[in-house]
Amino acid sequence: MAYDFDKIARDYDRMNRLMTLGLDCRWRRRAVRTARLHAGDRVLDVACGTGDMLALLQRSGCSATGIDLSGDMLAQAQCKVPEATLMQGDAERLPFDDATFDAVTCAFGVRNFVHLEVGLKEMLRVLKPGGCMVILELATPDSTLVRPFYNLYTRKIIPWLGARLAGSREAYTYLPQSIERFPKGEAFRQALLSAGASNARHGKLTFGVCRIYETVK
Ligand SMILES: C[S@@+](CC[C@H](N)C(=O)[O-])C[C@H]1O[C@@H](n2cnc3c(N)ncnc32)[C@H](O)[C@@H]1O
């Protein structure tokens, strides 16, 4: 079953900024630049959450549509980006025709899909030929020097912050556990290819704690 983000929707943005020291905003800006968008492009942001990516897409002159499972996350997005089209729905059953969007983005969402391959296939299906799909996802860093600090931070400090500031130790214990379980780098690139992408590239952001994946249909 998918993790229920309703529980943490109200404090989600504040926790994100604090946990990543604001780097999440920089990573999303990088994703938007990578998608090589043009004004007027129709862009779908999958698992849009509270709408941070949608706000950037709108600012680039695109027509942004966001879809998410969580009604409470979408309620936050509605306040942040009232002009975006928002829909409550499942990435694994996207309610759009084939080849509807010029670009598809997904920031920190794919890790939460119940069936990763189904979600990726759906995202590729609704993308127009020639369109770009950009995915951001958190990952454990490869460096053995960085790893002990990362483990201390994600296993001890983040759950503590989650309990104090968002009232949910459980949600912020789930976060590092889900990151550790999730395929990263080449493994995720292979998942994209298995889902039908004909090409895929990946890069590391901030010592590899965030990964960016790009495929052109
Ligand atoms: C970590 S948040 C990321 C939110 C946002 N994209 C961001 O950049 O902050 C993960 C989001 O994925 C959504 N989600 C998880 N599984 C989903 C699915 N199958 N379909 C649509 N949304 C999903 C959750 O409801 C949650 O809002």
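Trainee: Which residues of helix H4 (residues 71-80) are called buried?
Mentor: They are Met73, Leu74 and Ala77, where buried means under 20% relative accessible area, exposed over 50% and partly exposed in between, with a 1.4 Å probe and protein chains only. The model is predicted, so local features need pLDDT of at least 70 and side-chain atom pairs pLDDT 80 or more, whereas totals for chains, interfaces and linings use all residues. Residues are numbered from 1 along each chain as its sequence is written, and side-chain values use heavy atoms, leaving out hydrogens and water.

Trainee: How do you know where on H4 its buried residues lie?
Mentor: Seen down the axis of H4, they fall within an arc of 95 degrees, so they line one face of the helix; the arc is that of the directions from the helix axis to the C-beta atoms.

Trainee: What covers the buried residues of H4?
Mentor: The cover includes helix H1 (12-19), strand S2 (63-68) and strand S3 (85-88), with contact meaning heavy atoms within 4.5 Å.

Trainee: How many helices and strands does the protein chain have?
Mentor: There are eight helices and seven strands, counted as DSSP runs numbered from the N terminus, with at least four residues of H or I for a helix and at least two of E for a strand.
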